[in-house]
Amino acid sequence: MKVREEAGVAPGDLSLDSLLEAQQPVVLKGLAANWSLVMRGRESAAAAIDYLKSFDGGRPVVGYTGSPEIGGRFFYNQDLTGLNFEAGRVPLHQFLDRIAAHLGEADGPSFYIGSTDLDLYLPGLRAKNDLGLDPACFGPVPPLVSIWIGNRTIASTHYDMSNNLACCMVGRRRFTLFPPDQVHNLYPGPLEPTPGGQVVSMVDLRAPDLETYPRFASALAAARVAELETGDVLFYPALWWHHVEALDDFNVMINYWWNPTPAFIDTPMNTLLHGLLSLRDRPEPEKRAWRALFDHYVFGPADRAAAHLPKHARGDLGPLDEAKARRLRALLLNRLNR
């Protein structure tokens, strides 16, 4: 299924609240079409590379390099004992020169700079290439704006814990997205190590092995595909799985990551890891009982568990604030360290 597209949306018309309410991916056609980086990329890959170099802040970036044999897919090695690429800190201009030296090679090495803080590593670039949204519209925490640079690379199917506005700057990209409820059909790999910090699907989307991973057929039936041209912006909600293919010799993307929750709220990934420690291997009747408790205290309406109690007696069941978050964190750490 193709991701829905909207044309004619201007940054001033963009409503993040509406996007979050819908909880569906959407391509905002041409939203960033007039950005300077987009226009340089339309001239040539060399013009885009020179433009990026002009903002190089001098901080070494983490560059990933893969041999021609990986076909651009940054992943595990064959027996899952390590990764199929090398990573190292390198000056940005030097890594850009490596990419430029192999432009047009059908079977060349793969080069990739993953999510890199735009303002820290390329200061001044965002002043000329930005959605111009009021930071307050992202919620209590400002968005992380990052850049991705590389040649024909593949980011294997994974999820992120933040909402995303992915701005296609140079080169075309193809996103294949899967709703969060498809996790069982995506065959997630090890929790660690991971190719890029997040769990990835073991299935190679280029040639799915449905004998080894038969449920992936159901995931494909639920998939949404977004074909991005330069200047297009893709929104997708947090926890949607996505497989990203950079389709041209040189590709750049800028992302706005945000989550409308206060910074003092802990990451749910910590809860999941603690669940592996405390719940997964208990007897099934206990797990069902704990599921009911979690539904009552966590997954139901936030005010339900304490609605029958007077306000002065609600304690940690009342609305969470920074002080309560600190207290809960200290209590949890104390119990884990027993």
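Trainee: How are H3 and H4 oriented, roughly parallel or roughly antiparallel to each other?

Mentor: In this predicted model, the axes of helix H3 (residues 45–53) and helix H4 (residues 92–101) cross at roughly 175°. Angles over 145 degrees count as roughly antiparallel, so H3 and H4 are roughly antiparallel to each other.

Trainee: And within what distance do the axes come?

Mentor: The axes of H3 and H4 come within 10 Å.

Trainee: Which residues make the contact?

Mentor: From H3, the contact uses Ile49, Leu52 and Lys53. H4 brings His93, Leu96, Asp97 and Ala100.

Trainee: Switching to the backbone, where is Gln23, and what is its phi?

Mentor: Gln23 sits in the loop between helix H1 (16–22) and strand S2 (26–29). Its phi is near 55°, a positive value in a residue other than glycine.

Trainee: How does Gln23 count for accessibility?

Mentor: Gln23 counts as partly exposed because its relative accessibility is 34%.

Trainee: Okay, what about Leu239?

Mentor: Leu239 also isn't glycine, and has a positive phi, near 75°. You'll find Leu239 in the loop between strand S12 (233–236) and strand S13 (241–246). With 40% relative accessibility, Leu239 counts as partly exposed.

Trainee: Last one: is the peptide bond from Glu192 to Pro193 cis or trans?

Mentor: That bond is cis, with omega near -5°. Pro193 belongs to the loop between strand S10 (173–178) and helix H7 (216–222).

Notes. Residues numbered from 1 in each chain as written. Predicted model: local features only at pLDDT ≥ 70, side-chain atom pairs only at ≥ 80, totals over all residues. Heavy atoms only, no water. Helix = DSSP H or I, 4+ residues; strand = E, 2+ residues; numbered from the N terminus. Buried < 20%, exposed > 50% of the residue type's maximum accessible area, 1.4 Å probe, protein only. Axes fitted to C-alpha atoms, helices over the stretch in contact; angles between N-to-C directions. Parallel < 35°, antiparallel > 145°, perpendicular 65-115°, else oblique. Contact = heavy atoms within 4.5 Å.
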